[in-house]
Amino acid sequence: MTYTPGDIVFPFTLPRVDGGELTVDPRINAATVVVFTANHCPYALAWHDRLDAVARDYADRGVPVIQISANDQARQPLDSREASAERVAKGHFSGPYLHDESQELARAFGAEKTPDVYVIDGTGRLAYHGAPDDDHESEDARAHYVRNALDQILAGQPVLVPLTEAVGCSIKWREDAPLTIGTAQA
Amino acid sequence: MSPSPAAVEIWTWSGCPSHERAKADLVAALDSLGLHDTPVGLRWVETEEEARERHFIGSPTIAVAGRDILPGQLQEPAALTCRVYHRRDGRVSPVPDPDDLREALQSALSDWS
């Protein structure tokens with residue numbers, strides 16, 4: 001199973017790259033943004049500041065931005081948990097940065113790229129999936145797909161554009177990954 | 001100017017979407033150097049083994065006569081991944097800065113002119 005807009009997104013728990021665990025339950029937030037990202041993907045890096053600005057701009061409106069690294073560190077050592085923790089220590093993230101070592105959560109979400117963005121409404125339903133905006137090279141784009149979805153959710157309106165094509169680096173899957181994965185559940 | 005006698009290639013990995021943009025930029029750089037109609041080859045790197053053999057640090061890599069013309073400053077590990085470039089204005093990009101590409105191309109091809 002993978003999530004498509006309208007599906008209920010189940011709560012999940014993952015380790016933080018800098019220690020401890022975090023349980024994410026979208027039903028207790030006004031909205032929740034989940035971003036599958038990477039430390040060494042030019043698309044993820046090009047969009048990073050814009051997504052981090054979303055985290056800052058919407059924090060006081062009850063919207064956490066949860067970033068998750070799911071790449072197999074054996075295939076890309078620069079995506080190791082230690083490298084991710086270094087980025088957190090340097091203050092690169094305004095929200096939590098989690099590590100999906102088993103890649104089960106990425107598979108449950110149906111993530112394929114970095115970045116791959118999911119916006120979940122306060123009832124726990126997936127309201128948007130896709131790219132942050134339509135141009136990774138333009139700072140002016142400001143992650144407007146994500147901001148528009150959040151603004152519509154927070155205004156109690158339907159999300160007008162629930163799906164766009166994610167653009168970025170392919171997630172590096174583990175070679176020993178199981179063929180079928182169940183729903184992620186805390 | 002005649003096409004370069006050296007093989008001009010883009011080493012690319014199918015998991016990264018930037019090779020078409022890289023090819024367009026490379027053709028534009030060749031044109032700006034007067035190297036019109038220079039063939040540009042695409043070499044697909046799809047196994048970890050080949051990535052290690054070529055020290056392929058990501059897609060796209062621009063190569064002349066089998067050598068990466070933008071080796072960069074970091075000793076990055078060979079990997080099937082998208083390559084991180086930095087534009088001259090500091091932005092991260094999946095393709096080289098056009099000015100860096102043109103200068104590197106000019107330097108690499110000078111051995112063959």
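Reply: In strand E1 of chain B, Val8(B), Ile10(B) and Thr12(B) point one way, while Glu9(B) and Trp11(B) point the other way. Both sets are buried, and the strand is accordingly described as mostly covered, with five of its five residues buried. The model under discussion is a predicted one.

E1(B) belongs to an open sheet of four strands, arranged in the order E2-E1-E3-E4 with mixed pairing. Strand E2, residues 40–44, and strand E4, residues 67–68, stand at the edges of this sheet in chain B; each has a single partner strand, so one side of each is left without a neighbour in the sheet. In general, the strands of a sheet pair through backbone hydrogen bonds, and the pairing may be parallel or antiparallel.

E1(B) and E2(B) run parallel and are joined by five bridges. Strand E1, residues 8–12, and strand E3, residues 61–64, of chain B pair in the antiparallel sense over four bridges. Val8(B) takes part on both sides: its bridge partner in E2(B) is Val40(B), and in E3(B) it stands opposite Val64(B). Helix H1 of chain B, residues 19–32, packs on the sheet and touches E1, E2 and E3 of that chain. The direction of this helix makes about 165 degrees with that of E1(B).

Elsewhere in chain B, Pro71(B) lies in the loop between E4 and strand E5, residues 85–86. Pro71(B) is partly exposed, with 13 other C-beta atoms within 10 Å; a residue counts as exposed at 12 or fewer and as buried at 20 or more. From Pro71(B) to Phe56(B) the separation is 15 residues in sequence and 9.9 Å in space, C-alpha to C-alpha.

Chain B also touches its partner chain: 15 of its residues are in contact with 13 residues of chain A. The side of chain B that touches chain A consists of 10 nonpolar, three polar and two charged residues.

Chain A has a sheet that may be set beside the one already described. Five strands form this open sheet, with mixed pairing, in the order E5-E4-E3-E7-E8. Its edges are strand E5, residues 97–99, and E8 of chain A; each has a single partner strand, so one side of each lacks a neighbour in the sheet. On average, neighbouring strands of this sheet are turned by 20 degrees against each other, direction ignored. E7(A) and E8(A) pair in the antiparallel sense over four bridges, and Leu126(A) in E8(A) is the bridge partner of Ile120(A).

Helix H4 of chain A, residues 144–154, has six names to note: Tyr145(A), Val146(A), Ala149(A), Leu150(A), Gln152(A) and Ile153(A) are buried. They cover an arc of only 165 degrees around the axis, which puts them on the same side of H4(A). The buried residues of H4(A) pack against strands E3, E7 and E8 and helix H1 of chain A.

Notes. Residues are numbered from 1 along each chain as its sequence is written. Chains are lettered from A and ligands numbered from 1 in the order in which they are written. This is a predicted model: local features need pLDDT of at least 70, side-chain atom pairs count only at pLDDT 80 or more; totals for chains, interfaces and linings use all residues. Two residues are in contact if their C-beta atoms, placed from the backbone, lie within 7 Å. Ala, Val, Leu, Ile, Met, Phe, Trp, Tyr, Cys and Pro count as nonpolar, Asp, Glu, Lys and Arg as charged, and the others, Gly among them, as polar. Helices (H or I, at least four residues) and strands (E, at least two) are DSSP runs, numbered from the N terminus. The arc is that of the directions from the helix axis to the C-beta atoms. Two strands pair if DSSP finds at least two bridges between them. Axes are lines fitted to C-alpha atoms, for helices over the stretch in contact, and angles run from 0 to 180 degrees between N-to-C directions.
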